[in-house]
Structures are given as C-alpha cells and as structure tokens.
Amino acid sequence: MRARPGSQQLLSVMMAASLLASGPVGCADSLSSLRPPSSAPPSSSEEVLEDLEQRTFRYFWETANLENGLVPDRYPSPSFSSIAAVGFGLTAYGIGVERGYVSREAARERVLATLRFFRTAPQGPEASGTSGHQGFFYHFLDMKSGHRFETTELSTVDTALLLGGVLFVQSYFDGADPQEVEIRRLADEIYRRVDWRWAQARPPAISHGWSPEAGFIPYDWIGYNEAMLLVILALGSPTFPVEPAAWQTWTSGYKEQWGTFFGQEHLSFPPLFGHQYSHVWVDFRGIQDSSMRARGIDYFENSRRATYAQRAYAMANPKGWKGYGQDIWGLTACDGPADMELEYRGERRRFHSYSARGPGLNDDGTLAPTAAAASIPFAPEIAIPAVMELRRRYGEHIYSTYGFRDSFNPSFEYDVPLKDGRRVPGLGWVAGDYLGIDQGPIIAMIENHRSQLVWRVMRKNPYIRAGLERAGFQGGWLEEKP
C-alpha cells in the first residue's frame with residue numbers, strides 16, 4: 001500500500017514553508033514554452049482527453065524543481081518530493097514531446113537534470129544526508145537538497161516506479177545527440193546499481209523497504225498489487241538479478257485473491273491503482289505467465305474486469321453514498337476529508353483522510369477521478385463516459401489548472417475541521433491538492449489509449465523484456481524480435 005506521512009510530518013513541512021509556498025520550484029523559465037490549454041468547453045470525448053492530458057502534463061512540467069528534476073508529492077500544498085512522482089514525470093516528458101506540448105530539446109534538458117541528480121545523489125546507510133542506499137531511494141526526498149525527508153523509509157516499490165520512468169527515457173531518447181547518449185548512459189547506471197538481492201531480507205521474496213533506524217520492514221511483496229513492476233525489474237537486472245523463485249513467491253499469494261467480485265471473476269485488489277501502476281510501463285496485452293495461462297486470461301484482461309467490478313459496485317452502492325452510479329465511480333488511494341466517525345443516514349460511519357479505498361475497503365464516499373481516467377485503456381467504453389460525466393457534473397469545483405483535483409466526496413457535508421481541502425455548499429467536500437502519483441497514471445494511461453506510446457517504447461527496453469521472460473511470460477509481443 002502507498003503510505004503517506006502523518007499529521008505531524010505534514011505540519012512540519014508546512015511550517016518550513018520553504019518549498020512551494022511561493023509557487024512551483026524554479027518553473028518560471030518553463031511557462032513560456034507551453035501553450036495554454038484551450039479555454040473553450042470541450043465538445044467531444046477526444047477534446048476532453050486532450051485537455052485533461054495537457055493539463056496533467058503541466059503538473060509535472062511546472063511544479064518540478066528545475067535544478068534537480070524532483071517532482072512534489074502534492075501541489076499547491078508545500079511538499080516534499082515523491083520519487084514515484086518523479087518516475088511518472090520522466091514518462092510525462094516524452095509524452096509531452098510527442099503531443100507537441102514541449103520541444104524535444106527542452107524535454108532532454110529536464111530529463112538530464114533529473115538523471116544527473118539521481119546518479120550523483122549521495123547513497124549510504126547513514127540516517128541523514130543521503131538520498132538512498134544500495135541503489136534504492138527513500139520514498140520522500142527534500143525538494144531542494146534531495147536528501148531523505150525526515151524518517152521516511154527506503155522504498156522498494158517507489159524506487160521501482162521511479163525506475164519505470166528512468167527506463168522509459170532510456171528507450172525513448174534513442175538518438176545520436178550527445179544529450180540523448182548521456183540520458184541512456186545515466187539511466188543504465190541508475191538501474192544497474194540497484195542491489196535487488198540486498199532487499200531480499202527473507203528470500204526469495206523482496207521486502208517492502210528498509211530504514212537506518214529499524215532495518216528491513218517486516219513485510220514482503222507477495223500477492224497481486226502495485227508491485228508487479230518491482231519484481232519484473234528485479235528479475236531483469238543484469239547486475240543483481242533475483243531468481244525466478246521471486247516471481248513464484250509473488251504469485252503464491254494469488255490463491256486468496258482470485259474470485260468473483262461484483263459479477264467479474266478476476267484477481268482482486270480493491271483500490272484501482274494496483275491494477276494500473278505496472279500497466280503504465282508494461283504492455284500486458286496477450287502475454288501470460290503460468291498463473292494467467294491457467295486462468296485463460298492475461299493481466300490486462302484482469303484489470304479490465306476489475307474496472308467493470310468497480311463500476312458495478314458504484315451502481316449497487318451498498319452504503320448509499322451520494323453521487324455513486326453508472327458514470328460516477330472510482331475508488332483508489334487518494335486524499336479524503338478527515339479521520340473521524342460521524343453519523344450518516346442514521347448510522348455511524350468512519351471517514352478517512354489519505355487512505356487506500358476500494359469496494360469493501362475504507363469506502364467513505366470519497367471518489368478519485370484518477371481511478372476512472374487511468375482505467376481508460378482497459379475499458380474505454382465505460383471509463384471515458386465516467387471522465388466526461390465527472391467533468392460535466394462536478395468540473396466547476398474539481399477541474400482546474402492541472403486537470404482533476406485529487407478527489408471529492410459528495411456525501412461529506414459536515415461542518416467539522418478538515419484534514420485537507422474544503423467544503424463546497426451543495427457538493428460536499430473537494431480536495432485542495434493534486435497528487436503526483438495520481439496525476440502520473442492519468443497522462444500515461446490516456447496516452448497509452450490514444451497512441452500506445454509508453455507501451456511501444458517500453459517493448460524495446462531489454463531489461464523489461466528480460467524480466468518478463470525470466471518470470472515465465474510468453475506470447476504476444478514477446479514472440480517478436482526486439
């Protein structure tokens with residue numbers, strides 16, 4: 001699961017007020033290179049997707065620190081950087097070039113700033129003054145220094161999401177220009193030095209993470225969730241590869257997750273981000289490991305079924321939340337209004353701030369547009385109408401400079417202290433921030449739907465192919481020559 005810092009950590013960040021309080025870090029030079037989104041209301045689904053994609057791109061382009069490429073975890077609240085958000089940002093820059101939002105030259109410079117930082121950022125076991133250890137990086141980094149933020153953990157899965165972007169730019173910038181040659185070299189060095197074997201505290205499984213204070217986190221990545229990319233990257237490493245038994249250990253958790261949920265037989269993970277993250281960079285269409293071959297489907301079809309199950313859950317609306325329906329759905333990890341218990345329709349209900357949400361998991365009426373938007377490649381026939389309806393019905397309050405704000409809750413109309421966001425009379429609660437790890441899947445998956453760009457580029461990456469093949473994947477594009 002994706003953890004977020006507690007209230008004391010957020011409070012200390014806000015008191016520091018040195019990161020983004022005056023606007024995006026170092027972005028003034030980049031503003032003129034982007035043409036503004038159209039102010040005219042979109043009249044078609046294609047125009048809606050284009051506007052959303054461009055606005056979401058601007059989140060990464062305009063809020064990143066130009067000196068080191070670090071992307072804030074959230075905006076406009078003052079924030080540390082999320083290394084996963086950096087991975088999504090690196091991916092967004094290539095998309096921006098293809099869509100004409102920025103020039104290839106401008107994107108190269110941004111990518112180089114980012115990769116140079118991560119290649120030279122200090123590594124070591126010390127509790128402070130470093131950015132990572134054994135090739136991995138801390139979950140959150142200070143936006144300016146790039147060092148570990150407070151006592152955040154060294155995160156294996158967030159490092160993998162960062163590397164998804166690193167390997168994307170390695171394969172995307174494939175020209176002879178000296179800058180593109182340097183991009184490929186730096187990306188290679190960053191990926192090759194990650195010691196995946198070191199992270200196998202309880203082999204053959206891979207640990208969630210490590211900290212100087214407590215050592216390895218006592219949990220391993222076993223069973224279906226957002227970390228599928230992590231195991232593939234660990235298998236594909238040319239320097240510190242894990243054994244194929246790591247994939248077998250990963251899939252050993254599937255037996256408790258397979259079943260029929262809201263009319264869809266599939267491998268379940270309640271929040272939709274678990275069905276989306278690895279699919280940003282890996283084209284799972286038509287390729288199968290032994291687990292999926294036994295079920296007669298692939299992971300892409302599994303995510304399609306999960307998307308339909310979420311929609312069916314919203315239509316059934318067992319908790320009676322406001323707004324849920326055929327075109328208003330989407331539960332995933334996102335911001336929420338508050339951590340408290342309140343009365344709703346005659347019974348006590350538990351509400352949450354940042355939390356992983358899904359059918360039967362912390363469903364408190366909070367919906368996240370990224371859940372539907374990042375599911376568009378899986379089921380465009382239901383996800384695009386959902387995006388259209390979210391903008392039509394609630395856009396005045398939840399759609400702005402960088403596209404959809406993180407989340408909203410039509411049922412939360414209480415006059416109580418809020419952890420985040422604001423109350424809107426007649427609507428309920430609306431998040432105040434955009435979150436990088438929810439913005440990233442929006443732009444990448446819309447582009448995968450429109451042009452398959454990220455998938456096409458990553459199919460050329462030898463490390464992705466090697467990891468999939470060592471995990472036992474066969475068929476589809478893997479049978480084609482690289």
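Which residue in β19 does Arg423 stand opposite? The residue is Trp429. The model is predicted.

**Sheet of β17, β18 and β19**
- The open sheet has three strands in the order β17-β19-β18, with antiparallel pairing.
- Its edge strands are β17 (408-409) and β18 (422-424), each of which pairs on one side only.
- Strand β19 (residues 428-430) runs antiparallel to β18, and three bridges join the two.

**Hairpin of β12 and β13**
- Strands β12 (residues 340-344) and β13 (residues 347-351) run antiparallel and are joined by five bridges.
- Glu343 has Arg348 in β13 as its bridge partner.
- Two residues lie between the strands of this hairpin, and Arg345 takes a positive phi near 50°.

**Helix α3**
- Helix α3 (residues 45-63) has 19 residues, so at 1.5 Å a residue it should span 27 Å.
- Of the 19 residues in α3, 15 are buried, so the helix is mostly covered.

**Glu301 in helix α12**
- Helix α12 (residues 299-316) contains Glu301.
- Glu301 has a relative accessible area of 19%, and therefore counts as buried, the cut-off being under 20%.
- The side chains of Glu301 and Arg305 are joined by a polar contact of 2.8 Å.
- Glu301 and Gly286 are 15 residues apart along the chain, and their C-alpha atoms are separated by 9.1 Å.

Methods. Residues are numbered from 1 along each chain as its sequence is written. This is a predicted model: local features need pLDDT of at least 70, side-chain atom pairs count only at pLDDT 80 or more; totals for chains, interfaces and linings use all residues. Side-chain values use heavy atoms; hydrogens and water are left out. Two strands pair if DSSP finds at least two bridges between them. Helices (H or I, at least four residues) and strands (E, at least two) are DSSP runs, numbered from the N terminus. The expected span of a helix is 1.5 Å times one less than its number of residues. Buried means under 20% relative accessible area, exposed over 50%, partly exposed in between (1.4 Å probe, protein chains only). A polar contact is a pair of N or O atoms within 3.5 Å; within protein, one must be able to donate a hydrogen and the other to accept it, and residues adjacent in sequence count only if both atoms are side-chain atoms.
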